[in-house]
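Have a go at each task before reading its solution.

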Amino acid sequence: MRYRVAAAFFASAVGIAVPAARASGSDAAANPAALADAIAGDAARVASRAERLDGETRARVASAVSKLEEERRSGRLWAALQRLREARREAAVGESRGSAESFDADWERASRDLRGRDASPPRWGRVAAAARALGEAAEGTVVPLVEASRAYAGVTNAAAGRYYLADAREASDFAGFCRALPRTDRTAPAWRSIAPELSRLQEKVNAAFVPPRSIDRHSDFIRLNAALKTAHELDASGRFAGAGYEYLDALEQVGLLLGAPAGSAATVRERIEAERSALASGTRDDSLGLLFVERAESALASGGESGIAAASVIAASVVPAYRAMLEPAPMPPPAESVLTVTLVRWPYT
């Protein structure tokens, strides 16, 4: 009941109607309506927080929650959850600007708390794969953000330090929110290290970093390499679902960066529909794959060549890579047998 009340407040906060929840088509969560209400309820709280902030921050949060609601209204619940992460972050870093508390004292207290959470995070249990992946991806940034907070405060000012500290708190809180979402009744994916896949993708990115592309798309390369770095760190820490999310996101970025052919909107839409049907019909929890299918659907709904290109990359590259990363890791080729013969000349012969 409390989520439905919050959802109603969300409607008034952002000025849009909240219709009855629709299932995302994944059946990954045992109760899609409860998932939709949980997302809408939290978005209501984010919108309420933003009302106390400056106009620029309110506008950014309003934009994020408006996009979130469009995803939720269209039944794209995992895409809505991803948008919620963006809205929560905008509100959190906006709130940090008004803090008058001593940075050093705040940092020491927050650092102990956040590092303690990171050292012994609760188990994920039967949380749906998409929620776990988004939560782990956020969780894996907490300690680096805490460290960045202290560093930026030292070389710039306390305001910069508070910005990153607020980001770290929000990342940890979002992971907690994801852990509390409705459980799945499907078989969990067989998560594993994707270090080999990440290494191959990094090599591809390095090879593509040549002029004029490296100059014209420099900011895109920075964002892409940040995603790959995060994926490597998540994989090394055993957060394989989060690493998988960052890896698939990086694959989409690579496809757009290298200019993969898009095809016609009708052809791409047909393939995306087929992928949704296939992922939703199995017994495995494929909600992480469906998250990217929903991103493709959202891109197609936005119209234009860029939307078709993004959906095409997801259909042609990202979804196949999603399936491949859940298969057993390929065995490395056997090492060649090498016989070493050392000839020694005996003296006086």
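Predicted model: local features only at pLDDT ≥ 70, side-chain atom pairs only at ≥ 80, totals over all residues.

Residues are numbered from 1 along each chain as its sequence is written, and side-chain values use heavy atoms, leaving out hydrogens and water.

**Exercise 1.** Find which residues of helix H5 (residues 103–119) are buried, and where they lie around the axis.

*Solution.* 
- Step 1: Helices here are DSSP runs (H or I, at least four residues), numbered from the N terminus.
- Step 2: Pick out the buried residues (under 20% relative accessible area, 1.4 Å probe, protein chains only). In H5 they are Phe103, Asp106, Trp107, Ala110, Ser111 and Leu114.
- Step 3: Look down the axis of H5: these buried residues fall within an arc of 125 degrees, taken from the directions from the axis to the C-beta atoms, so they line one face of the helix.
- Step 4: Turn to the other side of H5, where Arg112 and Ala119 are exposed (over 50%).

**Exercise 2.** Describe the largest nonpolar core, and list what Tyr247 touches.

*Solution.* 
- Step 1: Such a core is a set of buried Ala, Val, Leu, Ile, Met, Phe, Trp, Tyr and Cys residues joined through side-chain atoms within 4.5 Å.
- Step 2: The largest one has 85 residues, and Tyr247 is among those with the most contacts inside it.
- Step 3: Helix H15 (residues 304–325) gives the most to this core, with 10 residues.
- Step 4: Leaving aside residues up to four places away in sequence, Tyr247 touches (heavy atoms within 4.5 Å) Ile194, Glu197, Leu198, Leu201, Ala231, Ala321 and Met325.

Technical notes:
Helix = DSSP H or I, 4+ residues; strand = E, 2+ residues; numbered from the N terminus.
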